[in-house]
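Here is a short briefing on backbone geometry, core packing and strand pairing. Please keep the coordinates open while reading.

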Amino acid sequence: MKNTLYIIPLLAVCMLAVGCSKDDPFGWGDATGEGSVLKEALDVTKAGGDIMITKAADASDVDIDNFQVSFLKDGQTPALRTYKYGEMPDVVTLPAASYKVLATYGEDRDAAWENPYYVGESADFDVIANEITSYIDPVVCELKNVKVTIAFDASLKALMSEDSYVEVKVGKTTPLNYTLTETEAGKAGYFKYQAENSLVATFYGTVDGGKVCATKSYDNVNGGCWYKLTFTLHTGDPDGSGSVDGGISVDATVTTEDVNADVTVGEDEPMDDSDRPTWGDDPTNPDDPDVNPLPEFVAQSNGLVFDTPWNVTAETECKFKVVSKAVGGITAMTCDIISDDLNATELGNMGLIVPIDLVNTPADQADILAGLNFPTNVGGRKEVELDMTSFMGMMAIFGAHRHEFKISVTDANGTVTKSLILQF
């Protein structure tokens, strides 16, 4: 559906007398250098005279009467006159000068539900003393912010928990969380458009009993476009798209509608395929790690290795960092502890629940983890350092035992899991 609004002038000057006073029945203005502009010159219609925005159109929440119409003298702000379209007088009297009409709807908020923001501006026109202006070039109002909707396919909805949700963030805007309530209601989130925007959508939830975190991203997001993301369930090799044990994974597809350009007055103007978004890897070289590098684990202590036992003592220095090069930084990071001594019961007695969530860390656990020198609430960061040196002495008291710290990190480019296996 097209959300472009055409404010078309009415050419018939037979409406001139509507709303004029008895003292000035023809609306000519007085001799002080004023002229008149007809409200009908800004009638919100499209070709054929039909109202553009109706309950059947996409922008069903757009109330034409709530459009703000401003007359800018010499094209400058502040406006000389401003009206709600529904409250605008039939004849507007203005000092003779050059003007533009600025038409707006909604507010350009950072991120908000059901908040389309339209802007349109006319070409310059002149108001001449003691004359009526009955024609102004069409004002085209276009959607300026970014529209995003989320859907879950039936197979995923059948297995996902009710508290599952998708977090959507566009550029540096505040994220919006799409729960089942929002998706079932078809609610749209609108995000402020800025140059070089990126869109990051992350699924968080439990699917068939296993926790899932799946992230997708798209660069060069455009204002005036509607991004329709559908999250689906896959079985088999998850390929890092966000998986749980048993080969179940969650992935997303996207379709895009250029709200301002897919329909024009009198003819269709379909989107060029080259403008449609692609998810994930570079389509010309999808396996090139230099294009979409996965999160990286970097050892900072001598001898430290991952995924193989590392012989350590109470005095061993244990430092490493996690680096993300993806847009939006780290979106999920968990740490599971596999140990006969530091089992779930013992950790629970300490107030910790495994796997430990290092992105959305509960406040009661964050204080405990801070005392253990663990990072918390690391979402959005590009680099996280873990210094477990002070923790080594605590684990050494158990004797010649093995303790595995299984760390999983997700960003817009995928998920990487590494195990730090400490052998005392």
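In which loop is Asn377 found? Asn377 is found in the loop between helix H4 (363-371) and strand E29 (383-387). Helices (H or I, at least four residues) and strands (E, at least two) are DSSP runs, numbered from the N terminus.

This is a predicted model: local features need pLDDT of at least 70, side-chain atom pairs count only at pLDDT 80 or more, and totals for chains, interfaces and linings use all residues. Residues are numbered from 1 along each chain as its sequence is written, and side-chain values use heavy atoms, with hydrogens and water left out.

**Positive phi**

- Asn377 is not a glycine, yet its phi is positive, near 50°.
- Asn377 has a relative accessible area of 41%, so it counts as partly exposed. The classes are buried (under 20% relative accessible area), exposed (over 50%) and partly exposed (in between), with a 1.4 Å probe and protein chains only.
- Glu114 also is not a glycine and has a positive phi, about 45°.
- Glu114 sits in the loop between strand E8 (111-113) and strand E9 (118-121).
- Its relative accessibility is 32%, which makes Glu114 partly exposed.

**Cis peptide bonds**

- Thr77 and Pro78 are joined by a cis peptide bond, with omega near 0°. Pro78 belongs to the loop between strand E4 (68-73) and strand E5 (81-84).
- The bond from Val354 to Pro355 is cis, and omega is about -5°. Pro355 lies in the loop between helix H3 (344-350) and strand E28 (356-357).

**Nonpolar core**

- The largest nonpolar core holds 35 residues. Such a core is a set of buried Ala, Val, Leu, Ile, Met, Phe, Trp, Tyr and Cys residues joined through side-chain atoms within 4.5 Å.
- Phe320, Met333, Phe405, Leu420 and Leu422 touch the most other members.
- Two or more residues each come from strand E26 (319-323), strand E27 (330-338), E29, helix H5 (389-396), strand E30 (402-411) and strand E31 (414-423).
- E27 gives the largest share of this core, four residues.
- In soluble globular proteins, nonpolar side chains tend to be buried together.
- Contact means heavy atoms within 4.5 Å.

**Open sheet**

- Three strands form an open sheet in the order E24-E26-E29, with antiparallel pairing. Strands pair if DSSP finds at least two bridges between them.
- Strand E24 (296-299) and E29 are the edge strands, and each pairs on one side only.
- Neighbouring strands of this sheet are turned by 20° against each other on average, direction ignored. The axes are lines fitted to C-alpha atoms, and angles run from 0 to 180 degrees between N-to-C directions.
- E26 and E29 run antiparallel and are joined by five bridges. Lys321 has Glu385 in E29 as its bridge partner.

**Thr316**

- Thr316 is found in the loop between strand E25 (309-311) and E26.
- Thr316 counts as buried because its relative accessibility is 16%.
- Leaving aside neighbours within four places in sequence, Thr316 is in contact with Trp310, Thr389 and Met392.
- Thr316 and Met392 are 76 residues apart along the chain, and their C-alpha atoms are separated by 7.0 Å.
- A polar atom of the Thr316 side chain lies 2.8 Å from the backbone nitrogen of Thr313.

Definitions and conventions. A polar contact is a pair of N or O atoms within 3.5 Å; within protein, one must be able to donate a hydrogen and the other to accept it, and residues adjacent in sequence count only if both atoms are side-chain atoms.
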